[in-house]
Amino acid sequence: MSPGKTASHAIMKSQNQQKVLHLIYTEGPISRVELAQKSGLTQQTVTNIVNRLLQEDIVKQGEPVESLVGRKRVPLMVNSAEMYTIGIEISGKLIRGALYNFQYHRLVRLERRVNKFEHREHVLETVCSIIDEIIGQTPDTSRLKGIGICVHGLVDSHHGVILRPPGLGWTPLTIREPLESKYGFPVYVENDVNLLALNESMNGCLANSDHNITLMIDWGIGGAIMVDKQLVTGTNFVAGEFGHYKSFSGEDALLCHCGSMGCLTTIASESGLMRNFGIGLDLFEAKVRNQEPASLELYSKIAEALKMAIGNVITFLNPDHVMLTGKVMEAFADTLVPELQSSIPGMIPETCRKVNIIHQREMPEETELAASLVLRHVFAAPSIPGSL
Ligand SMILES: [Zn+2]
């Protein structure tokens with residue numbers, strides 16, 4: 001076989017294996033016969049692939065079951081209890097790490113808190129010390145399939161670079177390459193809100209949605225956009241940066257950490273309240289509930305700004321769902337959320353009113369979101385031929 005043919009044969013072989021593995025993960029327990037029917041591959045190709053996956057202990061067999069026609073069928077499923085992934089969460093003052101098996105049972109959890117990350121190496125050293133400790137406690141490191149990293153900040157997920165590491169400003173941190181060369185596992189990096197949107201689209205409250213927006217109003221404000229079930233990242237991975245929507249003018253236009261004025265995050269986020277008004281979210285919530293005039297006025301500015309910004313995003317992108325989440329939404333779940341749900345439809349064109357504005361209160365731990373990145377890659381459907 002010519003080198004070209006050998007390469008394309010290898011690609012086809014790995015695409016077929018990925019097709020089978022994806023089916024076992026998403027539809028298992030599943031028999032070889034069903035795999036051949038659903039994948040369009042021959043019975044022999046499926047048998048060869050399954051034998052390989054059994055040999056590598058990635059897949060296991062259940063007890064044979066009677067079938068309506070022909071021989072008993074042997075159900076196949078992913079050996080998820082005995083494969084592991086490490087999930088890392090990186091935020092401004094904290095790095096957390098955990099070991100999960102592929103059933104999302106957490107086996108180890110560690111964290112390191114710092115007052116402030118001093119430089120890029122400080123972040124990297126802290127991440128490595130956590131990974132080292134987790135690997136030391138992993139039952140079988142040959143079954144460790146990768147490291148997922150969830151970052152509170154802008155991420156170039158294609159190249160594994162944190163564009164704006166939390167607490168370090170605009171100092172890009174290449175994280176995938178040094179970790180992959182040190183540990184030899186695949187490393188995947190993604191922004192926290194993007195990860196949440198991916199997770200909810202997979203098996204959560206966005207599972208039935210094709211086009212959606214996730215808005216997290218928390219210490220900071222972030223957003224994620226999904227079109228046709230795919231993340232939209234923009235040219236520089238900045239798409240969805242909802243916190244920097246221009247939302248306040250006149251004397252309310254305060255300086256934002258991005259360098260411009262009047263961004264949504266300067267008032268509507270917990271960090272904005274803290275920085276510009278010297279008040280934490282808990283105290284602010286208490287003052288609003290006590291009807292204190294100055295806090296009520298601030299609350300109403302936040303509500304109005306959110307209505308305008310969310311209304312504009314809906315008009316521009318025409319999503320079927322908008323998912324709201326984060327600590328600010330949680331604090332005012334009984335007032336702000338219903339207010340947004342009831343008033344936004346009246347502010348937008350009738351043609352895009354068929355949108356469900358939902359509130360997600362239960363967020364998975366971010367190390368778990370990070371770990372899910374590894375599973376997403378291990379069991380991904382094969383890419384379209386020609387796109388490799
Ligand atoms: Zn800004």
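View 1. An unreviewed UniProt entry places "domain: HTH marR-type" on residues 14–59. The model shown here is predicted.

**View 2. The aromatic pair Y25 and F379.** The model holds five aromatic pairs, counting rings whose centres lie within 6.5 Å. In the pair of Y25 and F379, the ring centres are 4.0 Å apart. Their planes meet at 10°, so this pair is stacked. The two residues come from distant parts of the chain, 354 residues apart. Y25 sits in helix 1, which spans residues 3–27. F379 belongs to the segment after helix 13 (366–378). Y25 is partly exposed, at 29% relative accessible area. F379 is buried, with a relative accessibility of 2%.

**View 3. The aromatic pair F242 and Y245.** Here the ring centres of F242 and Y245 lie 5.1 Å apart. The planes are at 50°, so the pair counts as tilted. Which of these residues is buried, and which is partly exposed? F242 is buried, because its relative accessible area of 3% falls under the 20% cut-off. Y245 is partly exposed, because its value of 33% falls between 20% and 50%.

**View 4. A cluster of rings.** Y25, F102 and F379 are joined into a cluster by ring pairs. The cluster includes the stacked pair of Y25 and F379.

Notes: Residues numbered from 1 in each chain as written. Predicted model: local features only at pLDDT ≥ 70, side-chain atom pairs only at ≥ 80, totals over all residues. Heavy atoms only, no water. Phe/Tyr/Trp six-rings, centres within 6.5 Å; stacked < 30°, edge-to-face > 60°. Helix = DSSP H or I, 4+ residues; strand = E, 2+ residues; numbered from the N terminus. Buried < 20%, exposed > 50% of the residue type's maximum accessible area, 1.4 Å probe, protein only. UniProt positions renumbered as here; feature names shortened; annotations may be inferred.
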